[in-house]
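Hello,

Here is the structure I promised to pass on. Please have a look, then read my notes below.

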Amino acid sequence: MLRQLDDGVEITAEAGLGSVRLHCAERPWNDEVLDLRCELADDGVSAVTWVRTFNGDGIVSWAADLAESYEGWDGVRAWESLEHDLRIDATHDRRGHVDLRFVIRGPRGYDPNAWEASVMVTLDAGEDMRRLVAELGDLVS
């Protein structure tokens, strides 16, 4: 389920299960660098990090490709941020659902010893994915 926030988007799994918030987009140097706050929560676990991107690192076009492939695909389609602090792995169940595993790493995602946390959420392959594309577009613009 998607929920629009004043400053981003929240994606939740079934009630009481995982959730992801992408919000608080800011450009620290008024250039192409765009930072996003990513919050993951699941039963008894929460993790937060800032994600550095270069104009969103193509997250909107990546999500749009997923939305256009609503009939499904094989394997994993992944997106990763500039400094490897956020990765999203997408799989399709061929029954109309897209599983999105959000993986954050910190405090320096590029460091092999960084901590890692992940949450899985599921969206409908059609309308939910199109809404996600629109929300991400608003977030990174």
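β7 (86-92) and β8 (97-106) run antiparallel, joined by seven bridges. Strands here are DSSP E runs of at least two residues, helices are H or I runs of at least four, and both are numbered from the N terminus. Two strands count as paired if DSSP finds at least two bridges between them. Leu86 sits opposite Ile104 of β8. The β7-β8 hairpin has four residues between its strands, and Arg94 has a positive phi near 65° there.

This is a predicted model: local features need pLDDT of at least 70, side-chain atom pairs count only at pLDDT 80 or more, and totals for chains, interfaces and linings use all residues. Residues are numbered from 1 along each chain as its sequence is written, and side-chain values use heavy atoms, leaving out hydrogens and water.

β8 also pairs with β9 (residues 115-124), again antiparallel, over ten bridges. Asp99 faces Thr122 in β9. Seven of the ten residues of β8 are buried (under 20% relative accessible area; exposed is over 50%, partly exposed in between; 1.4 Å probe, protein chains only).

Now helix α1, residues 59-68. Its buried residues are Ile59, Trp62, Ala63, Leu66 and Ala67.

What do the buried residues of α1 pack against? They meet β6 (77-80), β7, β8 and α2 (127-140), with contact meaning heavy atoms within 4.5 Å.

Best wishes
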